[in-house]
There are 2 protein chains.
Amino acid sequence: MSNHKFQCSSCAWSCESSPIILECEKCSSPLNVRYLPQTSANIQPTGWSGHTIPLPLDHQEDLITLGEGNTPVVQLNNLKSRIMADIYVKQEYMNPTGSFKDRGTSIMISALKSMKVDELVEDSSGNAGASLSAYAAMSNMTAHIFVPESAPVPKIGQIEVYGATVHKIPGTRDATTDAAKTFVHDNQLVYASHNLSPFFIEGTKIFAHEIFREFGDNIPGDIVIPVGNGSLYLGMWKGLCELKESNHISHMPRLHFVQTEAVKPIYSAAKGRSWDVSMIRETRSGGTAVGSPPRQGEVIEVLTRSNGSCVTVTEEELADWQKILAAKEGIYAEPTSATALAGAEKLVRSDSIGKNNGILVPITGSGLKDDQPK
Amino acid sequence: MSNHKFQCSSCAWSCESSPIILECEKCSSPLNVRYLPQTSANIQPTGWSGHTIPLPLDHQEDLITLGEGNTPVVQLNNLKSRIMADIYVKQEYMNPTGSFKDRGTSIMISALKSMKVDELVEDSSGNAGASLSAYAAMSNMTAHIFVPESAPVPKIGQIEVYGATVHKIPGTRDATTDAAKTFVHDNQLVYASHNLSPFFIEGTKIFAHEIFREFGDNIPGDIVIPVGNGSLYLGMWKGLCELKESNHISHMPRLHFVQTEAVKPIYSAAKGRSWDVSMIRETRSGGTAVGSPPRQGEVIEVLTRSNGSCVTVTEEELADWQKILAAKEGIYAEPTSATALAGAEKLVRSDSIGKNNGILVPITGSGLKDDQPK
């Protein structure tokens, strides 16, 4: 008997865990994993020892790992005066394929493999595709990765080197998603979408548990995350909720998110402003460039519940921050990560974040995966 | 009072620790750190808790870190039948700048900074240069990095993004070293050479201590390392000696090394064959392409003392292994790391390594740092 069910993110509908059910049959909302009482199998993530983290797996041997997670936290001493607050980064680019996506992929692939899935389809601007391709390779699964034709050359190359079949799609990021869904339907395959699979967030939530291991009950009061569809933002919240419910932490930090001026659907919705995909502009922040994020409603709910703020940044601001982070702190981040730092600075300057509670920002991916900054 | 001295690697000469002394005044051999009895300051490396590792620092605050080390170990299940032995890799590319060099750089920069050094020169085919550039940036030091003009574009780009001054030198790898040394002399600067600084190996030796933390006294019996100048090979040995002397391990593994057919000075010397830099050929394995390795004698001594073997591999073999490792195990390694895997396979097939003791290989650097494999 499985230790979990799938639960609709917005209504009461639920169903048995499945590799092919990705939305609510009643209201079409995305699904999440809900653990059943007293069925925890007590599986430990890679390198973890400590309190129990619920995972949607039945046996420790089901865990497929390349050594993801357990990333270090570094304080940015040289940028403290510029940001005007204590600022910490969690080095998520120090994951096996160079981004935090490996956390979600590890758990998603583990769950799907344990359900005997052996062929997968995913669409990704790059990081999630590379991640899925790597984990599929080492677990002997066939992977089809749909990418926008405009994705950075190093990211596409990385997907190819792991042996996945790469499908390059012209047009917007959303066109890539549509092409992947059509391919899934036509070939009766499993859509291992990092945006939709309920398993993915079960991996990204481990980020929150590691922050607790690092800081104990003194987690920085403000956490600033770049958001495309919100898999890290929502995982962070889920992990924090687990920590709060198990009395490991006494209070919740505020979760803020950052998008770019170029692609800002969730920001616009949170601010009550109109926005649609026809307004998409080119951006170097590939990880936040999701025009129609299926989990938008969940992101806005967490924003409200955590009393967070949101902000957008320009291409110039994120480009500047990519260079600043490398030259002042020795951290070569992908533009998406620089977006979060640029946003954190703006949130402090606008007094949306206080100066005294500490700020934590994930460096979501490696600069080596993108075209070099000019 | 410092907790260490510099000791000649081949004669009895020793001196006080210094940022500018890099060779023995009697016999010109490279120097190593020798700890003085009962002066250990008990500094812990990043993320370490456990037995004491001697480090050449006086205060914990002297440690300059980007979160290096603590890399995961992964077993290669899909390649076990091909290699015909249990094989483990330590994911050294999951370091802050994407290679194991960060271990050495962290300790070297920490020691030099504590001696008030603020401007450095280094020569590097790429990885060590990027590493030094990153750590110099975050510790407010000025770095000059000399690289061969032929180094991979992504590696040079990475050095530049951290803000170091890059000096591109035509000709051989050794010409780059000569140019760096001339620049050091003409400008009276500190030569922070990963090949020569005694501090560098004090960082790479932590690799061995982590392997002990992972395996206890059951460390794999055969460890296969790609060698250019041997900073990881010699660090591994030094760490193992510390573990043996402190009775943490009861027996020493065998340390094997791999070079390429294109650049094989240490292999040739170990086999008693003639070789000189005029015989250098082009290779994608940049990390092993050191024509005149200053620590060659030390490498051969460790080879003998550990009862190790050595082997060379061709460009075709290392290129194949780079692809195999990505497509079968989801690990995108730089060509230098593939060299070690190709060598491990050859050593097993030639019965130089037994099939029953386990093999461990470091994945020294990320494939993202090189030109993409064809």
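In the predicted model, the interface between the two chains brings 36 residues of chain B into contact with 36 residues of chain A, two residues being in contact if their C-beta atoms, placed from the backbone, lie within 7 Å. On the side of chain B that touches chain A, the elements giving two or more residues are helix H3 (127-138), helix H4 (153-161) and helix H11 (315-329) of chain B; helices (H or I, at least four residues) and strands (E, at least two) are DSSP runs, numbered from the N terminus. This side of chain B comprises 17 nonpolar, 16 polar and three charged residues. In this classification Ala, Val, Leu, Ile, Met, Phe, Trp, Tyr, Cys and Pro count as nonpolar, Asp, Glu, Lys and Arg as charged, and the others, Gly among them, as polar.

Residues are numbered from 1 along each chain as its sequence is written, and chains are lettered from A and ligands numbered from 1 in the order in which they are written. Because the model is predicted, local features need pLDDT of at least 70 and side-chain atom pairs count only at pLDDT 80 or more, whereas totals for chains, interfaces and linings use all residues.

Chain A contains twelve helices and 13 strands. Its radius of gyration is 19 Å, close to the 21 Å that the globule rule gives for 374 residues, so chain A is as compact as a globular protein of that length. The radius is taken over C-alpha atoms, and the globule rule is 2.2 Å times the number of residues to the power 0.38. The C-alpha trace of chain A spans about 50 × 50 × 40 Å along its principal axes. Of the 374 residues in chain A, 57% are buried; a residue is buried if 20 or more other C-beta atoms lie within 10 Å of its own, exposed if 12 or fewer, and partly exposed in between, with C-beta atoms placed from the backbone. Among contacts in chain A between residues at least 6 apart in sequence, 71% join residues at least 24 apart.

Two helix pairs of chain A were examined. The axes of helix H8 (residues 231-245) and helix H10 (residues 296-305) of chain A come within 10 Å and cross at roughly 50 degrees, which makes H8(A) oblique to H10(A). Axes are lines fitted to C-alpha atoms, for helices over the stretch in contact, and angles run from 0 to 180 degrees between N-to-C directions. Angles under 35 degrees count as roughly parallel, over 145 as roughly antiparallel, 65 to 115 as roughly perpendicular and the rest as oblique. H8(A) contributes A:Tyr233, A:Leu234 and A:Trp237 to the contact, and H10(A) contributes A:Glu298, A:Val299 and A:Val302. Five of these residues are nonpolar, none is polar and one is charged.

In the second pair, helix H11 (residues 315-329) and helix H12 (residues 335-349) of chain A pack at an angle of about 100 degrees, with their axes 8 Å apart; H11(A) and H12(A) are therefore roughly perpendicular to each other. The contact involves A:Glu317, A:Leu318, A:Trp321, A:Gln322 and A:Leu325 of H11(A), together with A:Pro335, A:Ala338, A:Thr339, A:Leu341 and A:Ala342 of H12(A). By class, the residues of this contact are seven nonpolar, two polar and one charged.

Helix H7 (residues 206-215) of chain A has as its buried residues A:Ile206, A:Phe207, A:Ala208, A:His209, A:Glu210 and A:Ile211. Their cover includes strand E5 (87-90), helix H2 (101-114), helix H6 (198-204), H8 and strand E13 (359-362) of chain A. A:Gly216, which follows H7(A), has a positive phi near 60 degrees. Within helix H2 of chain A lies A:Leu112, which counts as buried with 22 C-beta neighbours inside 10 Å. Not counting residues up to four places away in sequence, A:Leu112 touches A:Pro19, A:Val117, A:Val190 and A:Ala192. A:Leu112 and A:Ile20 are 92 residues apart along the chain, and their C-alpha atoms are separated by 9.7 Å.

Several loop residues of chain B are exposed. B:Ser28, in the loop between strand E2 (14-16) and strand E3 (31-35) of chain B, has a positive phi near 65 degrees although it is a residue other than glycine, and counts as exposed with 12 C-beta neighbours inside 10 Å. B:Asn307, likewise not a glycine, has a positive phi of about 60 degrees; it is placed in the loop between helix H10 (296-305) and strand E12 (310-313) of chain B and is exposed, with 11 other C-beta atoms within 10 Å.
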